[in-house]
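Visitor: I would like to learn how to read contacts and cores in a structure. Could we go through one together?
Guide: Gladly; let us bring it up.

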Amino acid sequence: MDYFQEWGRVKTWKKRWFLFDTDHRRLAYYTDCDERKLKGVIYFQAIEEVYYDHLRTATSSPRPTLTFCVKTYDRLFFLVATNAVSMRIWMDVIVTATDEHSRY
């Protein structure tokens, strides 16, 4: 499990802990690291695109070089990884899960 920042509707950054849940084919995110307060889920089937925020769309990002986007049918999530290696791994894993899901 790793944590990312989620860009909310109020344009503030909030710390969230994401869990890659293959059993339920989703990313679950929590407000606490103990996974007690489920904040929401992003189902693999709803993910359209995962990409690095090279245009710096998330202008208020605390770490612009570590920001990436997960685009779903109805929402765009801006996530900030703790380091470059973590960002690459999460992006690859999410893309792979999305591709695997689209095959079925």
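Visitor: With which side chain does the side chain of Thr 72 make a polar contact?
Guide: Please keep in mind that this is a predicted model. For a polar contact, we look for a pair of N or O atoms within 3.5 Å. Here the side chain of Thr 72 pairs with that of Asp 74, at 3.1 Å.

Visitor: Where does Thr 72 lie, and is Thr 72 buried or exposed?
Guide: Thr 72 belongs to strand β6. Buried means under 20% relative accessible area; Thr 72 has 5%, so this residue is buried. Leaving aside residues up to four places away in sequence, Thr 72 touches Ile 42, Ala 46, Ile 47, Glu 48 and Phe 77.

Visitor: Which residues of the largest nonpolar core touch the most other members?
Guide: A nonpolar core joins buried residues through side-chain atoms within 4.5 Å. In this core of 17 residues, Ile 42, Phe 68, Val 70 and Ile 94 touch the most other members. At least two core residues come from each of β3, β5, β6, β7 and α1, and α1 gives the largest share, five residues. A second, separate core has six residues, including Trp 13 and Phe 78.

Visitor: And what is the relative accessible area of Asp 92?
Guide: Asp 92 sits in helix α1. Its relative accessible area is 38%, so Asp 92 is partly exposed. The C-alpha atoms of Asp 92 and Tyr 51 are 9.8 Å apart, although 41 residues separate the two along the chain.

Conventions
Residues numbered from 1 in each chain as written. Predicted model: local features only at pLDDT ≥ 70, side-chain atom pairs only at ≥ 80, totals over all residues. Heavy atoms only, no water. Buried < 20%, exposed > 50% of the residue type's maximum accessible area, 1.4 Å probe, protein only. Helix = DSSP H or I, 4+ residues; strand = E, 2+ residues; numbered from the N terminus. Polar contact = N/O pair within 3.5 Å; in protein donor to acceptor, adjacent residues only side chain to side chain. Contact = heavy atoms within 4.5 Å.
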